[in-house]
Amino acid sequence: MSEKEPFWLGIDCGGTYLKAGLYNRQGKEHCIERRSVATLSPRAGYAERDMHTLWQCCHETVATLLKRTGIDGEQINGVGISAQGKGLFLLDKQDQPLGNAMLSSDRRALEIVQRWQQDEIPEKLYPHTRQTLWTGHPASLLRWVKENEPQRYQQIGSVMMGHDYLRWCLTGAKGCEESNISESNLYNMNTGEYDPQLTRWLGISEIDDALPPIVGSAEICGEITAQAAALTGLAAGTPVVGGLFDVVSTAICAGLHDEHTLNAVMGTWAVTSGIANGLRDNEPFPYVYGRYVHPQQYIVHEASPTSSGNLEWLTAQWGDMPFDEINHAVGSLPKAESEVFFLPFLYGSNAGLEMTSGFYGMQALHTRAHLLQAVYEGVIFSHMTHLNRMLERFTHVQALRVTGGPTHSDVWMQMLADVSGLAIELPQVEETGCSGAALAALVGTGIYPDFFAAQQVLKHDIRIIEPDMQAHAAYQRKYQRYQHLIFALQGYHAHIKEYDL
């Protein structure tokens with residue numbers, strides 16, 4: 001390796017880890033550094049992150065990466081950042097973090113969203129935003145701050161999301177990256193701009209002047225400051241691009257560019273995404289649209305925070321069981337035979353705002369392995385809700401590509417193939433967030449003319465898992481029972497709400 005070989009830095013801030021990776025001009029990973037980032041839950045339903053601590057974690061991770069690899073900061077030709085979408089990162093009028101950030105899995109705004117639903121605000125917004133109204137949207141959290149912390153609300157100087165905040169820490173330049181801010185309910189999907197009509201409908205028009213300029217994913221929108229250089233080891237003046245919503249990073253790494261492939265992401269959120277060439281009206285479901293990196297294309301989602309984060313929480317209560325041990329336990333049981341069900345709704349649901357998590361069907365004969373198997377099944381069943389809806393929109397799908405932590409489990413991936421009846425394609429890329437962020441930096445610094453050209457060069461190997469169709473029939477029966485259980489519990493919540501029990 002030449003001492004002066006250039007590299008591009010990709011930073012990814014997820015629900016559990018902050019990662020930084022170095023990539024060469026062919027997009028090949030050189031090295032990854034990871035650090036855990038804490039999610040704070042001071043009250044039920046809260047999911048927060050200390051913004052000072054997050055920036056410290058970020059600059060320390062980058063500094064450690066450079067030191068460990070012996071790469072000089074002058075060799076880094078560009079920086080990109082990928083991060084969780086939604087949530088709310090606020091600066092005050094003096095450009096200081098304004099309290100803790102609130103993450104996309106935060107549920108404190110539940111009553112506000114329910115009130116908006118009763119007033120039919122989501123139906124009013126959707127033709128303009130192409131978004132559902134979720135508790136973790138910036139719009140919902142801003143309204144919560146206005147109603148519950150009015151002094152804090154009056155101090156808001158800038159409204160950002162995760163990678164916008166980290167980019168500001170690195171560059172001192174403010175901006176909201178388009179693939180992320182387009183899914184905020186503050187952005188008009190038809191015009192590609194902020195829309196003050198939206199904030200009026202949401203009752204938060206006071207924040208209009210606190211919305212930073214919209215920046216493109218590969219747009220150079222700042223340079224590493226001297227202060228950030230001293231902390232990270234990067235060279236002052238290194239260009240930093242807008243970056244990516246992490247779901248978009250994953251779609252790029254999964255090779256999505258037309259309507260023939262879907263991508264299922266398994267992480268804190270269960271996400272199924274596809275790429276559309278335009279907006280459609282009168283669709284079977286209110287699909288979530290966002291701006292994609294290819295001109296005139298949109299990323300289309302079905303999503304909920306109902307995925308593998310449930311397993312992480314559960315195993316943490318049991319003493320952090322090794323993943324290999326969990327897979328062995330689940331794989332040792334017959335497929336679809338247990339009567340135990342798990343509702344993967346610890347952080348939210350795709351079956352109604354009131355739905356919460358739990359096991360059903362346990363008896364004394366069941367073991368920990370049965371509970372773990374039920375968690376695996378429940379997560380897959382929840383993903384199927386989104387996948388089935390997306391297949392009504394994308395009727396010519398030829399492949400389902402899956403990314404996220406559970407792809408390291410052949411047991412879990414075989415279960416997804418068996419439940420869905422589809423061949424599962426696993427792109428062989430370890431860190432889609434870092435890789436996608438670095439790709440944005442490669443495009444932004446002119447190594448590739450656009451993301452499509454970069455995708456053609458940076459194709460990843462694909463591993464395929466075929467479904468067991470005998471198991472598919474058994475799982476379809478259990479999946480139907482899961483759906484009946486959901487329906488029964490929806491009736492329970494409707495009953496106690498109607499009678500104020």
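How are helices α10 and α15 placed relative to each other, roughly parallel or roughly perpendicular? The two are roughly perpendicular, a label used for angles of 65 to 115 degrees, while under 35 counts as roughly parallel, over 145 as roughly antiparallel and the rest as oblique. Keep in mind that this is a predicted model, in which local features need pLDDT of at least 70, side-chain atom pairs count only at pLDDT 80 or more, and totals for chains, interfaces and linings use all residues. Residues are numbered from 1 along each chain as its sequence is written, and side-chain values use heavy atoms, leaving out hydrogens and water.

**The whole protein**

- You can find 17 helices and 24 strands here; these are DSSP runs numbered from the N terminus, with helices being H or I of at least four residues and strands being E of at least two.
- The radius of gyration (taken over C-alpha atoms) is 22 Å, close to the 23 Å from the globule rule for 501 residues, so the protein is as compact as a globular protein of that length. That rule is 2.2 Å times the number of residues to the power 0.38.
- Along the principal axes, the C-alpha atoms fill a box of roughly 60 × 55 × 45 Å.
- Buried residues make up 58% of the 501 residues, where buried means under 20% relative accessible area, exposed means over 50%, and partly exposed lies in between (1.4 Å probe, protein chains only).

**Where α10 meets α15**

- Helix α10 covers residues 246–253 and helix α15 covers residues 432–444; they pack at an angle of about 85°, with axes 8 Å apart. Each axis is a line fitted to C-alpha atoms over the stretch in contact, and angles run from 0 to 180 degrees between N-to-C directions.
- On the α10 side, Ser249, Thr250, Ile252 and Cys253 meet Thr432, Gly433, Ser435, Gly436, Ala437 and Leu439 of α15; contact means heavy atoms within 4.5 Å.
- By class, this contact has four nonpolar, six polar and no charged residues. Nonpolar covers Ala, Val, Leu, Ile, Met, Phe, Trp, Tyr, Cys and Pro, charged covers Asp, Glu, Lys and Arg, and the others, Gly among them, are polar.

**Two residues to look up**

- Thr129 sits in helix α3 (residues 121–129) and is buried, with a relative accessible area of 0%.
- Leaving aside residues up to four places away in sequence, Thr129 touches Ser182, Asn185, Tyr187, Met189 and Leu198.
- Asp324, in helix α12 (residues 323–331), counts as exposed at 64% relative accessibility.
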